[in-house]
Amino acid sequence: MDKIARTTQDIGRRLRAARVGAGLTLASVARQAGVSEGFLSKLERGQAAASIANLIQLADVLGLGLHELFPSDSAPAKTRVAVHRADTGDLQEVAATGYRWRHLGGGAPLDRMEVFHLVFPRAKGMATTVSHPGQEHCYVLSGEVLFHVGDAQYRLKAGDGILIDSQQPHRAENAGRGQAQMLMTVARPADASDVPDWWRLSATTTKEET
């Protein structure tokens with residue numbers, strides 16, 4: 001793969017990572033940037049090249065500096081070292097569900113792995129079932145969580161974990177009386193271009209855990 005093709009794919013991955021991280025749809029970003037949804041989809045998959053004007057418009061919509069779309073020492077395409085401290089990082093709330101999550105590491109355009117801290121509320125819930133390329137490992141930190149994987153159900157308590165092929169339809173919900181907390185690691189294959197995050201499907205607001 002030549003340098004132009006590699007750069008095109010890298011820019012696409014960075015655009016998608018920024019869009020998904022902001023909880024925005026392809027249609028919304030395309031409309032605000034003045035490009036077609038089909039073009040943006042191809043751009044994110046590295047199947048189309050964008051003009052500088054297009055990149056400036058997209059970066060503006062996504063709240064990025066133009067330099068953040070290109071590899072650099074300050075914004076590497078692949079994580080080399082990332083430290084997460086216990087006293088940093090607010091929990092994001094998934095609107096109207098009570099679910100909260102915090103990003104712990106990974107997620108750069110060329111990373112294969114991403115780690116999250118999830119908090120399940122005592123009430124409410126999200127019945128969204130997802131299926132996508134890759135694998136997931138979930139480790140219950142506290143409380144009880146019921147995993148639905150295909151037609152099977154797995155009830156896990158603190159200290160239990162589950163590894164699944166994410167191609168299977170799956171979802172998780174609180175199965176205890178109090179809130180439940182879980183460590184979730186998502187691994188995606190190198191050719192995966194669209195791995196949905198169910199806890200990011202709604203607009204998010206930042207709240208500190210109390």
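Helix α2, residues 26-33, packs against helix α3, residues 37-44, at an angle of about 110°, and their axes lie 9 Å apart. The axes are lines fitted to C-alpha atoms, for helices over the stretch in contact, with angles running from 0 to 180 degrees between N-to-C directions. That makes α2 roughly perpendicular to α3, a term for 65 to 115 degrees; under 35 counts as roughly parallel, over 145 as roughly antiparallel and the rest as oblique.

This is a predicted model, in which local features need pLDDT of at least 70 and side-chain atom pairs count only at pLDDT 80 or more, while totals for chains, interfaces and linings use all residues. Residues are numbered from 1 along each chain as its sequence is written, and side-chain values use heavy atoms, with hydrogens and water left out. Helices (H or I, at least four residues) and strands (E, at least two) are DSSP runs numbered from the N terminus.

Back to the helix contact. On the α2 side there are Leu26, Ala27, Val29 and Ala30, and they meet Glu37, Leu40, Ser41 and Glu44 of α3; contact means heavy atoms within 4.5 Å. The residues of this contact divide into 5 nonpolar, 1 polar and 2 charged. Here Ala, Val, Leu, Ile, Met, Phe, Trp, Tyr, Cys and Pro count as nonpolar, Asp, Glu, Lys and Arg as charged, and the others, Gly among them, as polar.

Next, helix α1, residues 3-21, which holds Ile4. Is Ile4 buried or exposed? At 66% relative accessibility, Ile4 counts as exposed; the cut-offs are over 50% for exposed, under 20% for buried and partly exposed in between, with a 1.4 Å probe and protein chains only. Ile4 and Ala49 are 45 residues apart in sequence, and their C-alpha atoms are 9.2 Å apart in space.

Now the strands. Strand β4, residues 135-142, pairs with strand β7, residues 161-165, in the antiparallel sense over 5 bridges; pairing requires that DSSP finds at least two bridges between two strands. Gln135 has Asp165 in β7 as its bridge partner. β4 also runs antiparallel to strand β9, residues 180-187, joined by 7 bridges, and Cys138 stands opposite Met184 there.

Last, the aromatics. The structure holds 1 aromatic pair. Trp101 and Phe116 form it, edge-to-face, 6.0 Å centre to centre with 70° between the planes. Rings of Phe, Tyr and Trp (its six-membered ring) pair if their centres lie within 6.5 Å; planes over 60 degrees apart are edge-to-face, under 30 stacked, and the rest tilted. Trp101 sits in strand β2, residues 100-106, and Phe116 in strand β3, residues 113-120, 15 residues apart. Trp101 is buried at 6% relative accessible area, and Phe116 is buried at 1%.
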